[in-house]
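The entries below follow the order in which I went through them.

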Amino acid sequence: MGENETSLPNTSLQGKKMAYHKVNADQRTQGHSQYLDSDELQATTLELEWDMEKELEEPGFDHFRLDSAVDHHLGNSQNTNIDLEPIQPSASPRGRFQRLQEDPDYVSHYTRPGPKSNRCNFCRIFKLFCTVLTLFIFGILVGYYAHKTCPPSPTPSEPRDPHFYHEILKEIKAENIQQIFRSNVDGIGDKGGISQSSESFAPVKKKSMANLDVQCFIDLIQLPRKEEDTDIAMKLLIQWTSCGLEDVQLVNYSVLLDLPGSSSNTVSLKNSGECFYPSGQKCDRDTKKLHSQDLLYSYAAYSAKGALEAEVIDVRYGTAEDLVLIQAITNVTNKIALLKLGQSPLLYKLSLLEETGFGGVLLYVDPCDLPKTQNLSDKAFMVSLNSGGDPSTPGYPSIDGNYRQNRSNLTSLLVQPISAMLVKRLVSLPEDSSKSDGCIPLKLPVTEKRIIRLNIQTVPTYKTISNVIGYLKGSIFPDRYVIVGSHHNSVYGYNGQEWARSTAVITAFIQALMLKVKRGWRPDRTIVFCSWGGTSFGNIGSYEWAEDLKKVLQRNVVAYVSLHNPVRGNSSLHPVASPSLQQLATERQSLTCLRKVKCPRSNVSSVQMQGDSDFFVNHLGVPTVQFSYEDIKTLESPSFLFEALFPAHDTLTEELDPSFNLHETIAKLTGEVTLQIASEPVLPFNALDIALEVQNSLKGDQLDTHQLLAMASRLRDSAELFQSDEMRPANDPKERAPIRVRMLNDVLQGLEKNFLVQQAPPGFYRNILYRLDEKMSQFSVLLEALEHCKLHQSNETLQAALSKVLNSINSAQVYFKAGLDVFEMAFAGKK
């Protein structure tokens, strides 16, 4: 009503027009009253009453004719900027018609024009009848031939047919992914580069829509070797737009990065005076012969800066048990720890070393923990010590006007990643120390004392990172989002092929999806395609975007589907999903593997995953799923080796998947899961699986979990009742009421939010449903609390962890019960 009120002039004749429009509004309200609340209906009635009173009071109303009112309406339909006087409701509460009947002289205010001849009326009626009859016959003919020649439009129930998904996914082909991948890699490898003028983008904009499936991976802008993040993001924006994606945006943030300086960090042996780069090569070698990126990008971003000369102490994997043994032998204050990557999050292990008093850390990956296919003994690597987002704006977005903190150092430790070759030099081992019957883990002899000098210099710099966000609006629930995320530009081309793999997969999915969209189909829910920037520095791009839109995402995001580094090996399919999506991931994996000759299968687990899903899991409680290929050796080795970013050689992808069939499998698995979440009337989440996961995570003899098990049993009972009474009927189309489906989906969407704890140990998920690795079946926060007790000889941390888990289980049980109560009250009358 407000739009109508602001679009009409305040004159007597236009007042009559207002009355005419509000009669129509009143009739429209009667036909669609379920979309208006009682206040709007009451306001409509009062405003209608006021306009009729004004109309009756206007002078000259006896000359008013309906034809003139219609002509006036058509002539002023575009006038939208004229103000009106405030409209007040009528003083009479009894309504327009009753008030007119109480006025004995109301007929005298209006004189109807005399009727025309009966013959004229008969001619008009006959002409009108002939016109209606002709239009009716013409409409029947048009409808018949249109129905006969045109294919039927997709119905809301069509996406439930598995053949419908197959129709979209069959367009995803290995050769297309390979061509997209090589286009991105070739763009990085062009050392000359092409200027990014407006003429560079013009050919893409002029292409016809008929060739979108080809232009999607041919029209790519060539970039120089050291391209900026925004350059690659702009390239992806043009690429996705050429695929046909309607709304693609470039979102920029100025963030604090910790970049290498003009010279590399060094490690010097005091006894011999030798100086080494992190890769193990001597400092006196000609640095021009060294690969500049390997030389400079061997550092820990956001480490403390400066120099430290101290004794090196081997702490192995840096567990609480290892530190207890070390502290019993020697004083560790301001010493340098020799630390292996793996077994638990790096940030957690660094926090333990910081608590015990260490001053520096030499970080390395033991060759025995890596697959034999990866010969990285002479390679140093990069790690990030950032838990997530721009360090200068913790917890809030990096937008203009926000306060920026000085947090270039996120730890007091001097942390330096080094290669296994340099470790061998420190422990005086020969270059080839492997046995024929197996690998010898590296360790520093206890009897030998090594004094080293560690020199770390990095440069905190504000840089612009860019996210590419593309929207495919949903047709039924456009306010519900399914996010599909990849990333681009790992470390300014340092690990370029890794991001090119994920970009190729998500682009191939967009390409196949838009072919169906051009034929008139749309998903029920909105699909948001995201390519994040700044991932290797602590998932900065995804954090800043999500912090910027946090209130909207908390209400609207349904699920996050991750495409972070989809092919890391070629021996085992490794699906990871939150408990509510495990059943869906298992079903999709089984169906897809049936279509492939070689498709190794594995169990779906809920473990902490790498990449930009972090914010959505830990701060929004969004169900998440990810498919990737791994090496079996990597899965069997200590976890969290993925935190090390090694330089990738140019032929790695072709060696892992020369035919790109693995990439095709990942694309189809990801696409099918995304389509099912986006198009199913009822969200394919399993409430009972969450309760079962909680019960399984409490099994074990290390803790007295009697109270927790009792609470978990009540949670399972509520989940079973909810799934049988509410989810089962909603899955039957005959019993599927729209209001019931919306209420049910709202409950399912918020299930995992109950398991977010306020604080978790560094590097641990705040969502306690996720474990550290497949070998662990208990709650990670409880096992960490047990380890912490050994280190500090106190059970205070353990009691706090038990309370967190208990409160989460109780919150979920109350959430289920409240959902059941709402359904019972809402549908009690209908039953």
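Entry 1, the model. I worked with a predicted model, in which local features need pLDDT of at least 70 and side-chain atom pairs count only at pLDDT 80 or more, while totals for chains, interfaces and linings use all residues. Residues are numbered from 1 along each chain as its sequence is written, and side-chain values use heavy atoms, with hydrogens and water left out.

I looked up helix α14 (residues 346-356) and helix α27 (residues 780-792), which pack at an angle of about 15° with their axes 12 Å apart. Helices here are DSSP runs of H or I with at least four residues, strands are runs of E with at least two, and both are numbered from the N terminus. The axes are lines fitted to C-alpha atoms, for helices over the stretch in contact, and the angles run from 0 to 180 degrees between N-to-C directions. I therefore noted α14 and α27 as roughly parallel to each other, a term for angles under 35 degrees. Their crossing is right-handed, meaning that the near helix is turned clockwise from the far one by less than a right angle. From α14, Tyr-348, Leu-352, Glu-355 and Thr-356 meet Glu-784, Glu-787, His-788, Leu-791 and His-792 of α27, where contact means heavy atoms within 4.5 Å.

I found one disulfide in the structure, a disulfide being a pair of cysteine sulfur atoms within 2.5 Å. Cys-275 is joined to Cys-283, S to S 2.1 Å, and the torsion about their S-S bond is about -60°, so the disulfide is left-handed. Cys-275 is partly exposed at a relative accessible area of 24%, whereas Cys-530 is buried at 0% and Cys-789 also counts as buried at 15%. Buried means under 20% relative accessible area, exposed over 50% and partly exposed in between, with a 1.4 Å probe and protein chains only.

Leu-620 lies in the loop between α20 (614-618) and β17 (624-626) and counts as buried at 2% relative accessibility. Leaving out residues up to four places away in sequence, I listed its contacts as Lys-550, Leu-553, Gln-554, Phe-615, Lys-753 and Leu-756. Pro-733, in the loop between α25 (706-730) and α26 (738-749), counts as exposed at 56% relative accessibility.

Note on methods. Parallel < 35°, antiparallel > 145°, perpendicular 65-115°, else oblique.
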